[in-house]
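Trainee: Could you walk me through this one? I'd like to learn how to read it.

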Amino acid sequence: MLSRPPAPGLLSVALLLLAVTSPVAAQSVLYAENGDTFSPVRAAYHRQPLIADGDKMVFPRGTKLALKPVSEYAPFFISVRNIRAGSSALNAQGTRINNAFKFHADFVSPYPLTHVFLLLDLSSEEAGKIYFVWGLDDLVPNESQTVDLRLPLSVPIGAGKYKLHLYSDGREVFHSLMPFDRIERSLDKMVRTRIAGVTNAEPQPFLGPSPEYPRKLRGKHVGGKAVLSFEVSPNGRVIDPVVASATDPAFGDASLAAIRQWRFLPKVVSGRPVAASVKMPFEFPAE
């Protein structure tokens, strides 16, 4: 059972005031002050980070947070939709009072993800560097989870911008607000690492969501199948996918939408990655 968390200070409630985003920083692990050391954050309960203590999650003994760079993201992806963030205050004789912030976003993952939490890294002209943590529930595949917050602030924080980080089980994951070229470069590096030292291998799926059952067929209780043809490039990217066959065009469309988000470990011949043609079936159980 969790003990009562420490009361949040100003810096733990001020982060999301500004609606200006910027490209996300390099992948990282979040650490929390825990006595005379710092421990990796594995989850969050509302505004409070949680660290591992054996097989339990506990609140750290301290309030400071720090980011440490790591070599890789976790190979998962979260879509971030409908973001709204901003501050509000009343001006009473030249003094801003009733400072508050609002933050709204919807989070969707094609994968089951546990211990999901967000970190916003704020650079503020008046308050300097501020970190804000918020815990989400576990994400169920293709089900949206909404974060909708409104919290009072003791003081305004002024102009600034923030960067969004998302974590699952303490590992930072990819998300849709990240620059596309950053995601691609990171995946290229992850693929190269995994085929280093491999002599010969056929293409293998590395990262990608399952197709979503077509909305137009829901309620009809029909199952089906689609087969896609495409090329896997030497860096594992999916090139020119087409529907080779489908029991219903909607299954083919859903499979194409999914495969465009996939990355493979490429075919390796004599230690060298090469392009390869692939056919992949997707099964759709009746709903």
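Predicted model: local features only at pLDDT ≥ 70, side-chain atom pairs only at ≥ 80, totals over all residues.

Trainee: Among contacts between residues at least 6 apart in sequence, what percentage join residues at least 24 apart?

Mentor: The chain has 287 residues, with two helices and 19 strands. Counting contacts between residues at least 6 apart in sequence, the share that joins residues at least 24 apart is 75%.

Trainee: Where does Val 198 lie, and is Val 198 buried, partly exposed or exposed?

Mentor: Val 198 sits in the loop between α1 (180-195) and β13 (204-207). Buried needs under 20% relative accessible area and exposed needs over 50%. Val 198 has 27%, so the label is partly exposed.

Trainee: Which residues does Val 198 contact, leaving aside neighbours within four places in sequence?

Mentor: Here's a hint: the C-alpha atoms of Val 198 and Arg 272 are 8.4 Å apart, though 74 residues separate them along the chain. With those sequence neighbours set aside, the contacts of Val 198 are Val 268 and Gly 271.

Trainee: How are the rings of Phe 76 and Tyr 111 arranged?

Mentor: The chain has nine aromatic pairs. In the pair of Phe 76 and Tyr 111, the centres are 5.4 Å apart with 70 degrees between the planes. Planes over 60 degrees apart count as edge-to-face, so this pair is edge-to-face.

Key:
Residues numbered from 1 in each chain as written. Heavy atoms only, no water. Helix = DSSP H or I, 4+ residues; strand = E, 2+ residues; numbered from the N terminus. Buried < 20%, exposed > 50% of the residue type's maximum accessible area, 1.4 Å probe, protein only. Contact = heavy atoms within 4.5 Å. Phe/Tyr/Trp six-rings, centres within 6.5 Å; stacked < 30°, edge-to-face > 60°.
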